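Please read the following report alongside the sequence and the model.

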Amino acid sequence: MPVTDLPDWVGEQALPDNVWYVKRLAANDTRATKGKQYGPYIPKDFLFRVLPSLAGVTDPNPEAFIEACVDSHPDCRTVRVVWYNNKRTGLRVPGHVGHNSRAIDDPARPTRNEARITRWGGVRSALIDPDSTGALAVFVFVGAGTGDDARALHVWVTEGPGQEEIIEDIVGPVEPGRGVLWHPGSVSDGGASPGRFLTSCSMTREQIPEAWLRRFPTPDEIVQRAVDLRALQDQPADERLLRRRKCEFEIFRSVERELELPMISGPFTSLDDFLDRSKTILQRRKKRAGRSLELHVRAILLEEAFVGAETSTMISPPTGACAPISCSRRRRPTAIPPFPPNG
């Protein structure tokens with residue numbers, strides 16, 4: 001049993017001093033290939049960020065040891081983080097090596113220049129179990145956001161689409177072979193494959209489009225942004241609808257806060273001025289509520305290729321999804337049945 005629920009774990013680990021690395025476990029991370037070398041691969045640049053003491057080491061195959069816990073499948077142990085650098089040094093070191101191991105000339109051309117985390121305890125570990133191949137794994141390096149070596153490592157191996165969805169809502173989509181770096185202490189990160197890095201669709205002033213700060217966006221524009229942020233093409237229509245409406249409201253509130261809070265915080269010269277401002281805010285909220293469901297339903301009808309949905313111009317299809325009339329491979333259109341005659 002996990003030590004805690006995933007949402008609670010996320011809250012505990014999403015601290016400014018921590019650095020996350022999220023990846024889908026490949027066959028050569030686990031024992032699926034039955035090879036001699038296994039253990040999760042991590043990019044070298046990321047290794048040097050979370051363990052900067054290894055960056056300047058010139059010895060072959062520098063390593064560090066760190067206390068790690070797989071919190072999703074309670075298992076704590078000391079693991080080995082190693083940079084296999086014989087391609088860079090031109091040397092091969094037999095067996096397990098440390099900083100002071102004696103190197104020998106490699107009779108064959110050295111080919112390794114990669115970083116891995118090993119000594120997880122074999123297939124008993126959820127990280128090494130071949131059945132975990134393809135699962136989403138979250139590595140949280142505690143304290144690495146301060147510029148010092150990470151003090152500890154916490155890991156979560158997801159089980160099922162529900163847990164993957166929770167993680168991808170935070171860091172964005174995670175494709176096989178492309179890990180995502182997230183530093184909770186910043187809005188975005190300069191990693192090799194940054195995600196959206198949002199735990200919700202709420203936006204700071206810096207994230208709001210400049211045009212929206214000059215003119216309040218229309219309901220169509222806000223819904224389109226929600227559809228872009230929550231494409232969810234693999235989810236049922238009702239799930240897409242609920243999560244997109246929640247996202248849309250968070251966007252709306254973010255813009256409203258930035259535009260209206262300065263207005264209502266300042267002194268009003270009369271009661272009429274205050275009431276006029278209040279009416280504007282309330283009318284805008286009513287307008288959003290009145291059109292929100294309509295716009296979201298139409299976006300889903302476009303995605304599901306319902307006949308007639310493409311004739312409306314209220315909203316364009318989500319980013320990354322083709323319109324029904326332009327898809328080369330689309331679902332068979334489904335006509336909306338007419339209402340039965342009266343009587």
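Is C69 buried or exposed? With a relative accessible area of 17%, C69 is buried, where buried means under 20% relative accessible area and exposed over 50%, with partly exposed in between (1.4 Å probe, protein chains only). The model is predicted, so that local features need pLDDT of at least 70 and side-chain atom pairs count only at pLDDT 80 or more, while totals for chains, interfaces and linings use all residues. Residues are numbered from 1 along each chain as its sequence is written, and side-chain values use heavy atoms, with hydrogens and water left out.

The structure holds 2 disulfides, a disulfide being a pair of cysteine sulfur atoms within 2.5 Å.

| Pair | S to S | Angle about the S-S bond | Hand |
|---|---|---|---|
| C69 and C76 | 2.0 Å | 115° | right-handed |
| C201 and C247 | 2.0 Å | -100° | left-handed |

C201 lies in the loop between strand 10 (180–182) and helix 5 (210–214), and C247 in helix 7, so this pair ties together parts that are 46 residues apart in sequence; helices (H or I, at least four residues) and strands (E, at least two) are DSSP runs, numbered from the N terminus. Both C201 and C247 are buried, whereas C76, at 52% relative accessibility, counts as exposed.

C247 also belongs to the contact (heavy atoms within 4.5 Å) of helix 6 with helix 7, in which I222, V223, R225, A226, V227 and L229 of helix 6 meet R244, C247, E248, I251 and F252 of helix 7. E248 and F252 are, together with F249, touched by R288, not counting residues up to four places away in sequence. R288 lies in helix 8 (residues 271–303) and, at 12% relative accessibility, counts as buried.
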